[in-house]
Amino acid sequence: MSELCGNAFRACGDFVPLVAEVGVTSSGCGDDAGRGVRVRLHDPYRRMLPVRGGVRLDDPEAESGRGLPLVDLLAPEWRVTRTPVGKQMRCWISAQ
């Protein structure tokens, strides 16, 4: 959640209204099944989508850009959905 919020603040500004949801669930996204954590973050900017920076996770010189690759590792089926009032980023992290 902190990575998603940090990206939203950097892309949309410090005073962007965000709605964060975190909950334990017994089913995942798509074909995943089992216990895990559901994370959703809403922001009002439909056009600003997350962008992978192309930074390697093991790059000792990089000062940023590892966040979405980490999200990819933890929640490979994350997705962004446009909503009538902005967009929602969703992911599910397995507890198994």
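**Surface patch, nonpolar core and hairpin**

Leu 57, Leu 70, Leu 73 and Leu 74 form a nonpolar patch on the surface, and together they have about 390 Å² of accessible area. The model is predicted. In soluble globular proteins, nonpolar side chains tend to be buried together. The largest nonpolar core of this model has 11 residues.

**Surface patch**
- Leu 57, a member of the patch, lies in the loop between strand 2 and helix 2.
- Leu 57 counts as partly exposed because its relative accessibility is 39%, and that class lies between the limits of 20% and 50%.

**Nonpolar core**
- The core consists of Leu 4, Cys 5, Ala 8, Val 39, Leu 41, Leu 68, Val 71, Ala 75, Trp 78, Met 89 and Cys 91.
- Two or more of these residues come from each of helix 1 (2-12), strand 2 (33-43), helix 2 (67-74) and strand 4 (86-94).
- The most is given by helix 1, with 3 residues.
- Leu 41, a core member, touches Met 1, Leu 4, Cys 5, Ala 8, Leu 18, Val 19, Ala 20, Lys 87, Gln 88 and Met 89, leaving aside residues up to four places away in sequence.

**Helix 1 and its end**
- Leu 4, Cys 5, Gly 6, Ala 8 and Cys 12 are the buried residues of helix 1.

**Hairpin of strands 3 and 4**
- Strand 3 (residues 79-83) and strand 4 run antiparallel and are joined by 5 bridges.
- The two strands form a hairpin, with 2 residues between them.
- Thr 83 has Gly 86 of strand 4 as its bridge partner.

Notes:
Residues numbered from 1 in each chain as written. Predicted model: local features only at pLDDT ≥ 70, side-chain atom pairs only at ≥ 80, totals over all residues. Heavy atoms only, no water. Core = buried A, V, L, I, M, F, W, Y, C linked by side-chain atoms within 4.5 Å. Buried < 20%, exposed > 50% of the residue type's maximum accessible area, 1.4 Å probe, protein only. Helix = DSSP H or I, 4+ residues; strand = E, 2+ residues; numbered from the N terminus. Contact = heavy atoms within 4.5 Å. Patch = residues over 30% accessible without salt bridge, like charges linked within 9 Å, V, L, I, M, F, W, Y side chains within 5 Å. Areas by Shrake-Rupley, 256 points an atom, 1.4 Å probe, with all protein chains shown as cover. Salt bridge = Lys/Arg side-chain N within 4 Å of Asp/Glu carboxyl O. Pairing = 2+ DSSP bridges.
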